[in-house]
Amino acid sequence: MQPFSPKPPAGISPYVIAHRGISGKAPENTPAAFSPACLTPGIDMIELDVRLSKEEEVIVLHDRSLQRTTTGNGPARNYLVSELKQFDAGSWFNPSFSQERIPLLRDVLSFVDRRRWIDIELKSDFLHPEPPGFLERKVLDVVRELGMLDQVMFSSFNHSLMRTLRKIEASAVTGVIYNMYRDFGRPPSKLAGRVGASVIVCSKYEFTERMLQDAHYHGLALYVYTLNDQVSVRKMMELGVDGILSDNADEIVPIVSGIKQ
Ligand code: G3P
Ligand code: MG
């Protein structure tokens, strides 16, 4: 893989980004969802969510609580990795995935290797706030250790994490995720500019053409989530967004490449 660049080359279609892996067909944020995303041609990037375990290992899990996607209960932050590994992270989706476990970021990055770029979304826990820079350093350490800094983008709803991350590692590519309630009326250039991010990520419900114009005018990339149907993918492509996050990235590829020039 080439080093990750926030914007696809001019005239090339938007990046296809597998949201939590191919999470429409396998349990999100597990190897079962990441593996097909590495094997399906045309998928550019994998998005995943990270947080910390009790001993401060970086784990790949969306919710702060284990309840929705595993057989565990309560905050993941209260469990050691050895305990988290006991929980089944696949049966909630389908019993055939009962062998799936919550993975470590380190293991997912090693597995994906240089086959796909990775969007590492840092989830901060408002009920268990970390000291400033703590989560950012933990995540950066893993990425640096594996020599994958040029293959990843970091993103977060918590924009100050992105600011800190770039203070620690100036070469890191970062994205800020838009929050309608908090960020309403603030142009992407302002949100990204104040923390040195080069990507703005917004939901399809928040997206406006004005946001896209502002982002592009200021040289920023704009990615939209979560597009799972043909009509919305076509529409966003025509408008010129730079990345499309989908739960069924495998199904988005033919649409995107069909229009690709
Ligand atoms: O990065 C976009 C998207 O992943 C943010 O929302 O809740 O799916 O992590 P969520
Ligand atoms: Mg996410």
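## Basis of the model

Because this is a predicted model, local features require pLDDT of at least 70 and side-chain atom pairs count only at pLDDT 80 or more, whereas totals for chains, interfaces and linings use all residues. Residues are numbered from 1 along each chain as its sequence is written, chains are lettered from A and ligands numbered from 1 in the order in which they are written, and side-chain values use heavy atoms, with hydrogens and water left out.

## Burial of strand β2

Strand β2 covers residues 45-52, where strands (E, at least two residues) and helices (H or I, at least four) are DSSP runs numbered from the N terminus. Eight of its eight residues are buried, so β2 is largely enclosed by the rest of the structure; buried means under 20% relative accessible area, with exposed over 50% and partly exposed in between (1.4 Å probe, protein chains only). The cover extends to both faces, with M45, E47, D49 and R51 buried on one side and I46, L48, V50 and L52 buried on the other.

## Strand partners

Strands pair if DSSP finds at least two bridges between them. Strand β1 (residues 15-19) runs parallel to β2 and is joined to it by three bridges, with A18 having I46 as its bridge partner. Together with helix α1 (residues 31-39), β1 and β2 make a right-handed β-α-β unit, meaning that, with the strands pointing away from the viewer, the path from the first strand over the helix to the second runs clockwise.

Six bridges link β2 to the parallel strand β4 (residues 117-122), in which D119 stands opposite E47. Strand β3 (residues 58-60) is instead antiparallel to β2, with three bridges between them, and V60 of β3 stands opposite V50. The hairpin formed by β2 and β3 has five residues between the strands, and E56 in the turn has a positive phi of about 70 degrees.

## Ligand 1

Polar side-chain atoms of R20 and E47 each lie 2.7 Å from an oxygen atom of ligand 1, while for D49 the distance is 3.2 Å. Taken alone, ligand 1 exposes 290 Å², of which the protein buries 92%, as computed by the Shrake-Rupley method with a 1.4 Å probe.

Terms used. A polar contact is a pair of N or O atoms within 3.5 Å; within protein, one must be able to donate a hydrogen and the other to accept it, and residues adjacent in sequence count only if both atoms are side-chain atoms.
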